[in-house]
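Here is a colleague's note to read beside the structure. Please keep the viewer open and follow the points in order.

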Amino acid sequence: MKQTGGKRRRWRKAWYVTVLTLVFLVFSCQSNVQAVELGTVQCSREVKKVDSKERRYHMELKVWTEMSDYKSHQPQDIILLLENSYSMSCLAQAPDEDDTVYQKGIPTLHKISASQTLYTEVEGEYLPVVLNGNQWQLLTGKANDGTVYGEVVGTRDPLQGDIFTQDVFEKSECPTRMEQAKEAAKQLIRQTAEFLPGSRIGLLFFGKSLYSANSRELTESGVQSLLKEISDFGNEFGEGYCYAEALSKVQEMIEELQITGQNPCSLITITAGEAGSEKKEDPSGVTAAAASMQVLREQGVKSHVLLMGSGKSAESDWSALCSAPLENHYRECFQGQLLEEMDRLFRHIADSTTVSVVQALDPRFQLTEKEYARLSQEEVSVIEKENGETLIAWEAELPYNSENPWKTELEFEAKKDFPGGNDVGMDGEESGIYWGEKQISKCPDMEINVPIRISLKDIEDDIFLGEKVKTTLLRQNVEEKLLGNLIPNWYGKGETGTISYSWKRTDGSTVGSLKQLAEIRPVRDQEFLFAVTYTPKSQGNNAVGVPVQQTYSTGNYTVHVVSGTVSLEVLTDRLSEEGGMPVFSLEKDDTTFYRTARLSSQEKEESTLFVDFAGLPYGKYRLKQINPFYNKIDQECWLGICSKDDTLDLGRNVCDMEIKLTATPSEAGELNYSVDTYGEVFRVESGR
């Protein structure tokens with residue numbers, strides 16, 4: 001832990017929301033926040049953060065009421081009981097991670113101030129530790145005749161400073177139970193004065209002493225007087241007066257209030273559970289208090305208990321002193337939740353109204369995955385409708401003022417297949433405020449400028465020389481493949497702009513449409529550019545975010561051209577060069593190619609002749625030998641054509657043939673050649 005301390009921050013879930021009327025904002029680039037009042041309930045929405053790259057938006061929603069909204073509510077009489085026992089000197093919550101800690105068994109090497117109060121954990125509570133002579137001891141209480149000390153947790157050494165037998169902490173900004181109880185009491189006084197004018201509050205401290213402040217009407221001077229009484233009350237902790245005795249004083253205070261008028265009366269007790277009597281048969285004073293509480297209940301008093309620690313008394317004992325139903329009158333605040341629970345208690349006393357706040361996201365938007373998980377964990381209702389809208393519903397309880405509004409946050413993003421555009425409405429039809437199942441207020445649409453997302457992929461394909469450019473690959477239009485399967489989806493809301501498509505060559509010359517591209521027969525590898533141009537229909541000057549301008553995107557379609565080769569290998573055991581090297585022809589339709597064979601090697605018994613034709617388009621060819629020396633060679637060969645169905649196959653781009661000729665004497669003494677092996681072999685190559 002660090003030397004400097006810090007307050008722990010907590011926030012409570014907003015569950016069911018109750019308000020009479022609620023109005024949402026439409027805000028613009030010139031004004032990010034605008035509050036519109038309808039009746040006395042106000043709401044504002046503000047986009048706090050825009051991630052243009054991810055098209056993600058972080059919105060904050062606030063709801064509050066003005067004081068006039070609750071002027072019609074009946075004033076209340078409230079008696080506040082604050083326990084002043086030893087346990088109220090304990091910390092209200094665990095020390096902050098930044099608070100200074102003196103670790104067990106490690107000398108401090110300096111002397112801690114003798115007047116300083118430290119704290120250490122005992123059975124889950126953080127008890128005060130003070131210096132008594134040369135020993136650090138637990139402060140177990142204060143009697144009328146002096147301080148009562150407990151277990152020794154450290155000693156003072158003249159050379160090494162202070163050494164502790166367990167970890168101890170400095171208080172820093174972490175409040176004690178009494179400090180937090182005082183803040184909660186002040187909070188209640190201010191809220192009651194603002195939202196329940198004409199109310200009266202009485203104040204009573206009990207424990208070592210029994211001190212009461214006269215009940216006061218919450219005028220400006222009455223509020224200031226009560227706040228001063230709380231601030232000035234000293235923290236002299238100890239035992240003396242039990243809860244039953246405090247309730248007797250409460251009866252007197254209520255009788256005095258009823259002389260000048262009768263209002264609904266509530267009794268709020270803030271206790272650590274330590275305010276017992278000295279009677280052994282009733283250590284917590286609960287039995288004696290039950291009789292006094294019954295008298296108060298007969299007078300119509302509602303009893304509330306905020307329990308900050310278990311102490312000597314069982315939690316069931318204190319809950320038995322509360323009014324029914326228990327969930328509205330008994331609250332445990334073991335880890336610093338007192339201010340939060342006091343706020344909830346006041347709203348119950350003030351009989352606040354509840355409404356449901358519904359944010360319907362337009363089908364073009366969705367929650368981020370992280371946000372969906374967070375809302376699910378917090379048990380916020382999220383419903384995805386068949387029409388594509390996402391409904392998020394919170395429950396909020398009022399009153400809240402503008403300085404401390406009910407608020408929540410929401411992170412959402414544009415869907416990937418939505419192109420974007422200016423002035424895009426983010427609210428669905430059901431956005432608004434609901435009382436039960438009835439919509440009592442409809443939210444005006446909030447408009448957002450969504451950056452254009454038309455990201456094109458690069459694709460490539462092979463064709464055989466002589467083929468036209470393919471515009472369908474694996475049964476998918478090449479334009480769709482270039483768009484990466486993200487075909488623009490407007491979700492039935494109309495186009496936010498016009499999108500035009502065109503094809504060009506890399507030299508800038510125009511190809512035209514996809515249909516015109518399909519008529520081109522490239523003779524070599526070629527690259528085509530697919531251009532997409534978006535032009536917005538509106539300017540986006542009154543929406544959230546930077547307005548979208550005309551956008552231009554391109555993707556490359558590379559076509560690789562594969563050519564064919566026909567080759568012939570002739571093996572012969574005797575070769576006559578009298579008539580020159582043999583000449584071969586390759587015929588296709590009206591075109592004939594000629595090649596002269598070349599001699600590979602000359603050996604004693606056998607020679608090899610080669611002839612090949614390269615750079616050929618696909619098609620059916622006939623290879624012939626035009627010299628009379630090898631007049632029996634006449635072979636058909638196919639390039640790129642599958643013999644089964646005449647479809648093109650880039651793997652069939654090479655036709656290799658091998659012929660072996662042997663010489664046998666004839667009766668006329670001339671050489672005749674017979675074909676021993678005559679075949680056609682196709683082999684698969686890349687062709688590039």
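1. **Confidence.** This is a predicted model. The protein averages a pLDDT of 79. Of its residues, 78% score at least 70. Among the elements, strand β19 (residues 365–367) has the highest mean, 96. Strand β1 (residues 16–18) has the lowest, 28.

2. **Stretches to treat with care.** pLDDT stays under 50 over residues 1–39. The model still gives that stretch 150 contacts beyond four places in sequence. Residues 276–281 are also below 50. They have ten contacts in the model beyond near neighbours in sequence. Where pLDDT is low, the predicted coordinates should not be read in detail.

3. **The six-stranded sheet.** The strand order is β14-β13-β5-β15-β16-β17. The sheet is open and its pairing is mixed. β14 and β17 (330–332) are the edge strands, each pairing on one side only. On average, neighbouring strands are turned by 15 degrees against each other, direction ignored.

4. Strand β5 (residues 77–84) runs parallel to strand β13 (residues 200–207). Eight bridges join the two. L81 stands opposite L204 in β13. Helix α7 (residues 338–349) packs on the sheet. The helix touches β5, β15 (265–271), β16 (302–307) and β17. Its direction makes about 165 degrees with that of β16.

5. **A hairpin.** Strands β20 (residues 381–384) and β21 (residues 390–397) run antiparallel, joined by four bridges. I383 has L391 in β21 as its bridge partner. Five residues lie between the two strands of this hairpin. In the turn, G388 has a positive phi of about 95 degrees.

6. **Nonpolar cores.** How many residues make up the largest nonpolar core? The count is 73. Those with the most contacts inside it are I392, F412, W503, L517, Y557 and L568. A second, separate core has 36 residues, including A185, L188, L218 and L338. In soluble globular proteins, nonpolar side chains tend to be buried together.

7. **L410.** Is L410 buried or exposed? L410 is buried, because its relative accessible area is 1%, under the 20% cut-off. Its place is in strand β22 (residues 406–414). What is L410 in contact with, leaving aside its neighbours within four places in sequence? The list is Y57, H58, M59, Q359, L367, E371, L375, I392 and W394. The C-alpha atoms of L410 and E60 are separated by 6.4 Å. Those two residues are 350 residues apart along the chain.

8. **D461.** This residue sits in strand β27. D461 has a relative accessible area of 18%, so it counts as buried. The cut-off for buried is under 20%. Leaving aside neighbours within four places in sequence, D461 is in contact with K470, L473, Y557, T558, V559 and H560. Y557 is also among the residues with the most contacts inside the largest nonpolar core.

9. Side chains of opposite charge can pair when their charged atoms come close. The count here comes to 24 salt bridges. One of them joins E229 to R216, with the closest N and O atoms 3.5 Å apart. E229 is in helix α2 (residues 220–232) and R216 in strand β14 (residues 210–217), 13 residues apart. K468 and E519 meet in another, at 3.2 Å from N to O. K468 lies in the loop between β27 (459–464) and β28 (472–473), and E519 in the loop between α10 (514–517) and β32 (526–536), so this pair ties together parts 51 residues apart in sequence. K468 is partly exposed, at 33% relative accessible area.

10. E252 forms a salt bridge with K249, the closest N and O atoms being 3.5 Å apart. Both lie in helix α3 (residues 243–259). They are three residues apart, about one turn of the helix. E252 is partly exposed at 41% relative accessibility. K249 is partly exposed too, with a relative accessible area of 25%. Elsewhere, R331, E341 and R344 are linked in a network of salt bridges.

Notes
Residues are numbered from 1 along each chain as its sequence is written. This is a predicted model: local features need pLDDT of at least 70, side-chain atom pairs count only at pLDDT 80 or more; totals for chains, interfaces and linings use all residues. Side-chain values use heavy atoms; hydrogens and water are left out. A salt bridge is a side-chain nitrogen of Lys or Arg within 4 Å of a carboxyl oxygen of Asp or Glu. Buried means under 20% relative accessible area, exposed over 50%, partly exposed in between (1.4 Å probe, protein chains only). Two strands pair if DSSP finds at least two bridges between them. Axes are lines fitted to C-alpha atoms, for helices over the stretch in contact, and angles run from 0 to 180 degrees between N-to-C directions. Contact means heavy atoms within 4.5 Å. A nonpolar core is a set of buried Ala, Val, Leu, Ile, Met, Phe, Trp, Tyr and Cys residues joined through side-chain atoms within 4.5 Å. pLDDT is the predictor's confidence in each residue, from 0 to 100.
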